[in-house]
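Colleague: I would like to go through this model with you, one question at a time. Could you show it first?

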Amino acid sequence: MNQKFRYQCVTCGKEFETDEIIYLCPDCERKNKPGEPLRGVLKVIYDYDMISDDVSGDSLFSVIKDDSYLDLLPIEQSDTIPGLRIGHTPMYEVDTFEGKPLSAALYIKNDARNPTLSFKDRASVIVSAFAQQKGIDTIVTASTGNAGSSMAGICAAQGQKAIVIVPENAPFEKLIQIVMYGATLIPVKGTYDDAFDLSVELTKKTGIYNRNTAYNPFTIEGKKIAAFEIYDDLLGEIPDNIFIPVGDGVIISAIYKGFEELMKLHLTKSMPTIVAVQAEGSPNLVDNLNRKVFKSVKSKTIADSISVDVPRNFHMTANYMKSYHGKAIKVSDDEIIQASLQLGRNTGIFAEPSAAAALAGFFKMYRMNEIDEKSVNLVMITGSGMKDMAAIKSYLTLPKPIPNDLDKLLRHLDL
Ligand SMILES: *Cc1c(COP(=O)(O)O)cnc(C)c1O
Ligand SMILES: [Zn+2]
């Protein structure tokens with residue numbers, strides 16, 4: 001076997017190599033029980049010493065299609081990556097909060113600018129490229145909407161087929177996206193957790209390649225690139241705090257893994273403090289960090305992309321947060337809406353509620369004086385507000401039409 005990576009089980013620590021398609025550690029998978037986070041999630045490990053010997057500084061991370069960059073991805077050739085432009089998302093500095101200058105630096109990285117308007121494209125593209133490399137033409141995924149619309153769009157670009165299983169109450173715009181991209185959409189009577197289990201059963205029965213977040217180890221490989229971009233955007237500086245919205249815990253683990261790899265490559269020396277932001281109505285990852293026995297509450301929040309009863313990647317996230325002193329904060333739906341309104345009005349960025357949750361987390365800590373003056377903070381905006389209009393509609397009033405008349409218009413504008 002001459003594969004450039006191996007797998008490490010997050011639960012038992014065992015490392016192994018295989019060029020077969022594998023999702024979970026075979027030993028630990030057997031101990032999985034319904035209603036509990038996945039055991040046996042696999043982390044992809046590369047030969048970092050060998051890679052760092054031929055790392056050419058910053059340029060390594062500048063282009064995804066650059067072959068040298070492929071050293072840190074589970075794919076062999078850049079021509080299996082679909083031509084859509086993924087990542088390289090813009091970063092902006094915000095300097096006021098509620099009309100007053102902020103005492104700390106705040107950067108927004110706008111991942112809503114990916115082709116299907118969410119962070120999920122970073123994962124889908126690597127899963128799709130790997131499938132292409134293996135000659136696989138069909139990919140199934142369970143989704144609250146974004147993973148599915150992403151997989152559907154990337155498969156369309158790549159000439160692959162996507163099957164997307166969603167809870168029946170997924171946002172309308174995301175469902176339209178999935179159908180628009182030509183994927184097979186399967187809404188199920190049940191929750192995201194039910195959709196997840198059903199898609200895994202389908203994979204076990206038929207062998208159809210599965211993209212499920214946490215279950216497929218390569219989703220993290222795509223998502224970690226966001227950490228490389230942050231490092232690149234800040235010219236090699238590491239932010240003090242990074243705010244990430246958390247559902248299953250894959251995005252946050254991927255950000256950790258990206259920064260961990262930068263350290264393993266001796267490009268950086270420290271890990272930023274990563275703040276896991278969850279909705280008060282779906283706190284199942286952060287509330288379980290210190291419990292001996294996992295306990296789940298039924299999720300209820302406006303932030304559908306982070307509404308998760310059983311966070312699939314709980315164990316990896318908990319390990320990372322413990323090893324690197326991560327922080328956690330919960331925000332209410334009202335705080336989420338207020339943050340998204342402020343973001344829209346101050347920056348021209350329209351975020352979906354799950355993405356605005358990360359900013360709400362920053363604002364909450366800022367108000368509690370938990371953000372050091374002059375510290376460098378980054379908020380990851382993970383999805384576009386255009387993907388979930390119903391969530392925000394009841395908080396806005398659209399004006400009634402006026403007569404088509406200049407005098408009336410001037411009066412209306414108080415001019
Ligand atoms: C999926 C998603 C998240 C949460 O990611 P996890 O890996 O499930 O923690 C946050 N925001 C948006 C917009 C998402 O689509
Ligand atoms: Zn194991």
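Colleague: Which helices and strands are included in what covers the buried residues of H3?

Modeller: This is a predicted model in which local features need pLDDT of at least 70 and side-chain atom pairs count only at pLDDT 80 or more, while totals for chains, interfaces and linings use all residues. Residues are numbered from 1 along each chain as its sequence is written, chains are lettered from A and ligands numbered from 1 in the order written, and side-chain values use heavy atoms, without hydrogens and water. Helices (H or I, at least four residues) and strands (E, at least two) are DSSP runs numbered from the N terminus, and contact means heavy atoms within 4.5 Å. The cover of the buried residues of H3 includes strands S5 (100-110), S6 (138-142) and S9 (209-210), together with helices H4 (146-158), H7 (218-223) and H8 (225-233).

Colleague: How many of the 14 residues of H3 are buried?

Modeller: Buried means under 20% relative accessible area, exposed over 50% and partly exposed in between, with a 1.4 Å probe and protein chains only. The buried residues include Asp121, Arg122 and Phe130. H3 is largely enclosed by the rest of the structure, because the number of its 14 residues that are buried is eleven.

Colleague: How far apart are the end C-alpha atoms of helix H3?

Modeller: The expected span of a helix is 1.5 Å times one less than its number of residues. For the 14 residues of H3 (121-134) this gives 20 Å, which agrees with the distance between its end C-alpha atoms, 20 Å.

Colleague: Is the ring pair of Tyr23 and Tyr209 stacked or tilted?

Modeller: Rings of Phe, Tyr and Trp (its six-membered ring) pair if their centres lie within 6.5 Å, and planes under 30 degrees apart count as stacked, over 60 as edge-to-face and the rest as tilted. The structure holds 21 aromatic pairs. In this one the centres are 6.2 Å apart and the planes stand at 35 degrees, so the pair is tilted.

Colleague: How many residues apart in sequence are the parts that Tyr256 and Tyr324 tie together?

Modeller: Tyr256 and Tyr324 form a stacked pair, 5.9 Å centre to centre with 20 degrees between the planes. Tyr256 lies in helix H9 and Tyr324 in the loop between helix H10 (314-323) and strand S12 (327-331), so the pair ties together parts whose separation in sequence is 68 residues.

Colleague: Over the face of which residue does Arg312 lie?

Modeller: A charge sits over a ring if NZ of Lys or CZ of Arg is within 6 Å of the ring centre and within 35 degrees of the ring normal. Arg312 is at 4.1 Å from the ring centre of Phe196.

Colleague: What is the relative accessible area of Leu235?

Modeller: Leu235 has a positive phi of about 55 degrees although it is not a glycine, and its place is in the loop between H8 and strand S10 (241-245). Leu235 is exposed, with a relative accessible area of 79%.
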